Amino acid sequence: MRPRPNLVESLCNGCGVCLDYCPFDCRDLIGSRHDGFAFLSAPGRCVGCGECSASCIKGAIEMKPLDLRSYDADAEAARLERLLRKSA
């Protein structure tokens, strides 16, 4: 399994820098910049290059092995949206 970006929600401030640095456009933002979470929205496009992790000044993206067969981007987006509503 190739490493993929794993979001550490407690560290992410939604700045969106990782979105700008991802050369494969596989990350998206839930919420708005500086008030949301950046997550892996297109895991099939992610090659595990680590650019998003390296660009994150908060250290909110860890590169970890990810089984793409069990990763559901829609479910992850829904989970993060619920987390945002709880914190509002």
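What radius of gyration would a compact globule with 88 residues have, and what does the protein have? The figures below show a predicted model. A compact globule of this length would come near 12 Å, and the protein has 12 Å, so the two agree.

**Figure 1. Overall fold of the protein.** The protein holds three helices and four strands. Along the sequence they follow the pattern β-α-β-β-α-β-α. The C-alpha atoms fill a box of roughly 35 × 25 × 20 Å along the principal axes. Take the contacts between residues at least 6 apart in sequence: 62% of them join residues at least 24 apart.

**Figure 2. Surface and interior of the protein.** Of the 88 residues, 39% count as buried. The accessible surface is about 5200 Å². Carbon and sulfur atoms account for 50% of that surface.

**Figure 3. Helix H3 along its length.** Helix H3 covers residues 73–87.

**Figure 4. The N-terminal end of H3.** Asp-72 caps this end of the helix. One of its side-chain oxygens lies 3.0 Å from the backbone nitrogen of Asp-74.

Figure 5. Five names make up the buried set: Ala-73, Glu-76, Ala-77, Leu-80 and Leu-84. Why do they lie on the same side of H3? They cover an arc of only 100° around the axis, which puts them there together. Asp-74, Arg-85 and Lys-86 sit on the other side of the helix, and these residues are exposed.

**Figure 6. Packing of H3 against the strands.** Which strands do the buried residues of H3 pack against? Their partners are strand E1 (3–7), strand E2 (27–32) and strand E3 (35–40). Among the residues on the buried side of H3 are Leu-80 and Leu-84.

Figure 7. Ser-55 belongs to helix H2, which runs over residues 51–55. Is Ser-55 buried or exposed? Its relative accessibility is 12%, and the cut-off for buried is under 20%, so Ser-55 counts as buried. Which residues touch Ser-55, leaving aside neighbours within four places in sequence? Ser-55 is in contact with Val-17, Cys-18 and Tyr-21.

Note on methods. Residues are numbered from 1 along each chain as its sequence is written. This is a predicted model: local features need pLDDT of at least 70, side-chain atom pairs count only at pLDDT 80 or more; totals for chains, interfaces and linings use all residues. Side-chain values use heavy atoms; hydrogens and water are left out. Helices (H or I, at least four residues) and strands (E, at least two) are DSSP runs, numbered from the N terminus. The expected span of a helix is 1.5 Å times one less than its number of residues. Buried means under 20% relative accessible area, exposed over 50%, partly exposed in between (1.4 Å probe, protein chains only). The arc is that of the directions from the helix axis to the C-beta atoms. Contact means heavy atoms within 4.5 Å. A polar contact is a pair of N or O atoms within 3.5 Å; within protein, one must be able to donate a hydrogen and the other to accept it, and residues adjacent in sequence count only if both atoms are side-chain atoms. The radius of gyration is taken over C-alpha atoms; the globule rule is 2.2 Å times the number of residues to the power 0.38. Accessible areas come from the Shrake-Rupley method with a 1.4 Å probe; for residues, only the protein chains shown count as cover.
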